[in-house]
Amino acid sequence: MMNFSYIWLKQHRMIVGAMLFAIAIAGCNNSAKSQQPAAKTPSVANLIASSPTPPTKNAADTKPPEEKAVQVIRDYYSAIARLDYKQAYLVWEGNGAASKQSFEQFKQGFANTTSVAVEVGKPGRPDPGAGSIYIEIPVTVTAVATNGTPQRFRGSYVLRRVNNVPGSTPEQQRWHLYSAKITQVK
């Protein structure tokens, strides 16, 4: 007799527990409906079967790293073409320090330039380093001097960004010019 009572009590607790769980789920669903009337409330089966959805990223976040790095180079030369040397200088890592020039030296480097255009080649593969990612991008630059003489330069830039690690800032996680190997072509 004691075994029968024990089994009955155990089954009864399981049934009551399942009912309380169902009531709690229904209460959550009703609460969600009252707070967000336009939202569809998922069923319990859907909650169990589906996996969580990551937060939606904006379009800029979905671009491959190579495209983002190429855009930095295009923006850099666009700033130079607009004579916005401060903007161009700040594209270099360390607020311009990676250019190995002061801002005045950097600006003076374009004193005899009336126009500039860049052709960007196929970027290399992103190379993860310790805490950073590097990418090399080939370029061909065409500039026109103040005397009307066209000049052509070829080479590459290495861009760097910090990985999305705890403590890194959004500024550190953006691509910056890290180094350049650009030479004039005759």
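Colleague: Hi! Is Pro128 buried or exposed?

Modeller: Pro128 is exposed, with a relative accessible area of 61%. Keep in mind that this is a predicted model.

Colleague: Thanks! Which strand is Pro128 found in?

Modeller: Pro128 belongs to strand β2, which covers residues 127-128.

Colleague: On to the rings, then. How many aromatic pairs are there?

Modeller: The count comes to eleven aromatic pairs. Take Tyr76 and Tyr77: the ring centres are 5.0 Å apart and the planes stand at 80°, so this pair is edge-to-face. Over 60 degrees is the cut-off for that label.

Colleague: And are Tyr76 and Tyr77 buried or exposed?

Modeller: Both Tyr76 and Tyr77 are buried. Another edge-to-face pair is formed by Phe106 and Phe110, with 5.3 Å from centre to centre and 70° between the planes. Phe106 is buried at a relative accessible area of 4%, and Phe110 is buried at 17%.

Colleague: Which residues do the ring pairs link into a cluster?

Modeller: The cluster holds Tyr76, Tyr77, Tyr85, Tyr89, Trp92, Phe103, Phe106, Phe110 and Tyr157.

Colleague: What lies over the face of Phe103?

Modeller: That's Lys86, at 4.7 Å from the ring centre.

Colleague: New topic: pockets. What volume does the second largest pocket have?

Modeller: Its volume is about 490 Å³. The lining is made of 22 residues, and Tyr76, Tyr77, Phe110, Tyr157 and Ile182 lie nearest the centre.

Colleague: How do the residues of that lining divide into nonpolar, polar and charged?

Modeller: There are 14 nonpolar residues, seven polar ones and one charged one in the lining of the second largest pocket.

Colleague: Which helices and strands each supply at least two residues of that lining?

Modeller: The helices are α4 (65-81) and α6 (103-108), and the strands are β1 (113-120), β3 (132-145), β4 (150-162) and β5 (176-185).

Colleague: Let's look at those strands. In what sense do β3 and β4 pair?

Modeller: They pair in the antiparallel sense, over 13 bridges. One of the bridges joins Ile133 to Arg161 in β4. The two strands form a hairpin with four residues between them, and Gly148 in the turn has a positive phi of about 90°.

Colleague: How many bridges join β4 to β5?

Modeller: Nine bridges join β4 to β5, and these strands run antiparallel. For example, Arg154 has Thr183 in β5 as its bridge partner.

Definitions and conventions:
Residues are numbered from 1 along each chain as its sequence is written. This is a predicted model: local features need pLDDT of at least 70, side-chain atom pairs count only at pLDDT 80 or more; totals for chains, interfaces and linings use all residues. Side-chain values use heavy atoms; hydrogens and water are left out. Rings of Phe, Tyr and Trp (its six-membered ring) pair if their centres lie within 6.5 Å; planes under 30 degrees apart count as stacked, over 60 as edge-to-face and the rest as tilted. Buried means under 20% relative accessible area, exposed over 50%, partly exposed in between (1.4 Å probe, protein chains only). A charge sits over a ring if NZ of Lys or CZ of Arg is within 6 Å of the ring centre and within 35 degrees of the ring normal. On a 1 Å grid over the protein atoms alone, a cavity is a set of points where a 1.4 Å probe fits but cannot get out, and a pocket is an open set with protein on both sides within 12 Å along at least five of seven lines; lining residues have an atom within 4 Å of a point. Grid points are joined across faces, edges and corners, and a volume is the space filled by probe spheres set on the points. Ala, Val, Leu, Ile, Met, Phe, Trp, Tyr, Cys and Pro count as nonpolar, Asp, Glu, Lys and Arg as charged, and the others, Gly among them, as polar. Two strands pair if DSSP finds at least two bridges between them.
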